[in-house]
Amino acid sequence: MNNLLKKILFIDLIKGLLITFKTIFTTPVTIRYPKQKRPLEDGFRGRHAFVRDPETGKERCVACTKCAQVCPSQCIYIDYSINSETGARVLTKYEIDALRCIFCGYCEEVCPVNALVLTEFFEYASYTREDNYFNKEKLLSNWDEFIRQYEKTEYLNKFWHLPGIGRDRLPIGKREPKAVSKKEESQ
Amino acid sequence: MGQLEIEKISDTTFVLQMGPHHPATHGVLKLWCEFEGERVINIKPDVGYLHRGVEKLSESKTYPGAMTLTDRLDYISSMTNNIGYCLTVERLMGIEPPRRAKFIRTIVSEMTRLSSHLLWLATHALDIGAMTVFLYAFREREQILQFFEKICGARLTVSYPRIGGVRVDIEKNVLDEIDKFMDEMLRRVDEYETLLTENRIWLSRTKGVGQITAEEAVSLGLTGPALRGSGVYYDIRKLMPYDAYPEVEFEVPLGENGDTYDRYLCRIREMRQSALIVKQCIEKMPEGEVLSEKSPDIDIPHQGKRKIEAGDSLWSGFIAFSQEKHDLMPKGEIYSAIEAPKGELGFYIVSDGSGRPYRMRVRAPSFIHISAIPKLCEGHLLADVIAIIGTLDIVMGEADR
């Protein structure tokens, strides 16, 4: 009897309609994307960049080729020569094919000197494929472009120091990394 | 619109090719359907349009590298795929993640279950004709994806767990936010239920559609909510507990009739349980590291080093290499399964001692669920075929691999 009454009075539908009616008065969750942008979270894995070292003004890469070794999609190409005087490796060629990259973040996690970073920058669609093959200079300019629009004064990526993992496991460069300050960048 | 008997089969049947680009087939599933009038006589599912060779490809990657491929199996619940893979390799190596990592894994896998069920609810309701639930469910799913972004920096293809733990710790404030969101989530699930559970259109579209008995469901190999809807108590979280599941309390919701409506109720109740599990985990969260000491480095080589036979000293004139190699991994084979949102997700790995899996096989629930479509659709209308595809929760990325 009760069920029949409910059915005749359309209680089930009215209950649902009340919820949709209430929702009219809530604030909208959608954003108008190109004009309005959602702030990205820290550690978002976006476009690749080489950190421009504030002291030397150059990249930090030491050509250990670990990133090329771990990359699951094999999109990193490295070439280096050896300085005959000091015996140190000199980076001669560094290329990332961003179209092949799957943004797993293994490269920045494994980098012992925190040279490579996936920045919080995602709007880099282009009309040509060449624009997304990043070489050394392009990677450095990616960093400049990113740090210019970065809001905070210091930048420290989550995958540089890997919170929660035992410090003994990590290479020395990743144990206590220093944040890159923005002020020195702009000078 | 219950299941009706087919009165007679005459020459008036016709064949309809549904898919592979039909919006209601949830991906690139093609169905060869034979109809008489509007009733299904015979259905043959055709899969393989999204085959990317993940199993073969993983043989050329190292163990940590192959984990990034498992994101792309069931791309709406990539966390559980990763955890399933990592758990298998951990069991092969005999290592155990730290306690905090176990709790973090439980939290993220239950959040994945929520997001997967929300997407299922959204698309299933949209297929049947309830547009509002689609919009509401995506509103909550967006928040869960945002939490994933906070945790690991990616929203969909997360690659968050690692063999022997997880990659980075979760901050305290993010945990608090998740805790707060789960309270809201419980309210939202009530909202979805008000919209659908008693709705007469929903009832007439789902009750009695795609009915399957417990025996048939077991013999077809269904798992997950599709099996529990028929009343079979089979949940790997309870039967073969992994991660932090033995330490939290939760119920396994069961259905009775095994029709689309019961499977819907099962998943809705599962969403509530998931939210409660996350809350319990955050409450009991221990402190500590998140990566086991024995876990392999990300940059493990493809092959182990060869032994040097000329004693321990390198400087002995001639250095002879033996044919033997240091094994990076224990040799052997292993199958282990976890309870993914869709059902039992199993990984079978054969190891030959090198840094790469010799063979990886994925037991994907979606693939096995597709084989149940002909059985479930027998004698139903064309419109019910859509409801049945929806209720099985099929993701073609996982079925075709």
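Is A:I31 buried or exposed? A:I31 counts as exposed, with 9 C-beta neighbours inside 10 Å. The points below take up this residue again, after the two chains and the places where they meet. The model is predicted.

1. Chain A, overall form. Chain A has eight helices and seven strands. Its radius of gyration is 25 Å, well over the 16 Å that the globule rule gives for 187 residues, so chain A is more spread out than a compact globule. Taken along the principal axes, the C-alpha atoms of chain A fill a box of roughly 95 × 40 × 35 Å.

2. Chain A, burial and contacts. Of the 187 residues in chain A, 30% are buried. Among the contacts in chain A with a separation of 6 or more, 72% are between residues 24 or more positions apart.

3. Chain B, overall form. Chain B contains 15 helices and ten strands. For 401 residues the globule rule gives 21 Å, and the radius of gyration of chain B, 23 Å, is close to that, so chain B is as compact as a globular protein of that length. The C-alpha trace of chain B spans about 90 × 50 × 35 Å along its principal axes.

4. Chain B, burial and contacts. In chain B, 52% of the 401 residues count as buried. Where contacts in chain B join residues at least 6 apart in sequence, 70% of them link residues at least 24 apart.

5. The A–B contact. Chain A places 28 residues in contact with 26 residues of chain B. On the chain A side, the elements that give two or more residues are α2 (11-23), α3 (66-70) and α4 (106-110). Helix α2(A) supplies the largest share of that side, six residues. By class, the side of chain A that touches chain B is made up of 14 nonpolar, seven polar and seven charged residues.

6. A helix pair across the two chains. Helix α2(A) packs with helix α6 (residues 172-196) of chain B at an angle of about 135°, and their axes are 7 Å apart. That angle makes α2(A) oblique to α6(B). The residues that meet are A:K15, A:G16 and A:I19 in α2(A) and B:E191, B:T194 and B:L195 in α6(B). The contact of α2(A) with α6(B) divides into two nonpolar, two polar and two charged residues.

7. A helix pair within chain B. Which way do α4(B) and α5(B) run, roughly parallel or roughly antiparallel? Helix α4 (residues 99-128) and helix α5 (residues 131-152) of chain B pack at an angle of about 155°, with their axes 8 Å apart. With that angle, α4(B) is roughly antiparallel to α5(B). The crossing of α4(B) and α5(B) is left-handed.

8. Residues of the α4(B)–α5(B) contact. From α4(B) the residues in this contact include B:V108, B:M111, B:L114, B:L118 and B:L126. Among those they meet in α5(B) are B:F134, B:F138, B:I144, B:L145 and B:I151. By class the contact of α4(B) with α5(B) has 18 nonpolar, one polar and two charged residues.

9. Positive phi in chain A. Most residues other than glycine have a negative phi. A:Q74 is not a glycine, yet has a positive phi of about 50°. This residue is found in the loop between α3 and β2 (76-82) of chain A. A:Q74 is partly exposed, with 14 other C-beta atoms within 10 Å.

10. A:L162 lies in the loop between α6 (158-161) and α7 (172-175) of chain A. Is A:L162 buried or exposed? A:L162 counts as buried, with 21 C-beta neighbours inside 10 Å.

11. A:I31 again. A:I31 lies in the loop between α2 and β1 (48-50) of chain A. Which residues does A:I31 contact, leaving aside its neighbours within four places in sequence? They are A:Q36 and A:R38.

Conventions. Residues are numbered from 1 along each chain as its sequence is written. Chains are lettered from A and ligands numbered from 1 in the order in which they are written. This is a predicted model: local features need pLDDT of at least 70, side-chain atom pairs count only at pLDDT 80 or more; totals for chains, interfaces and linings use all residues. Two residues are in contact if their C-beta atoms, placed from the backbone, lie within 7 Å. Helices (H or I, at least four residues) and strands (E, at least two) are DSSP runs, numbered from the N terminus. Ala, Val, Leu, Ile, Met, Phe, Trp, Tyr, Cys and Pro count as nonpolar, Asp, Glu, Lys and Arg as charged, and the others, Gly among them, as polar. The radius of gyration is taken over C-alpha atoms; the globule rule is 2.2 Å times the number of residues to the power 0.38. A residue is buried if 20 or more other C-beta atoms lie within 10 Å of its own, exposed if 12 or fewer, and partly exposed in between; C-beta atoms are placed from the backbone. Axes are lines fitted to C-alpha atoms, for helices over the stretch in contact, and angles run from 0 to 180 degrees between N-to-C directions. Angles under 35 degrees count as roughly parallel, over 145 as roughly antiparallel, 65 to 115 as roughly perpendicular and the rest as oblique. A crossing is left-handed if the near helix is turned anticlockwise from the far one by less than a right angle, and right-handed if clockwise.
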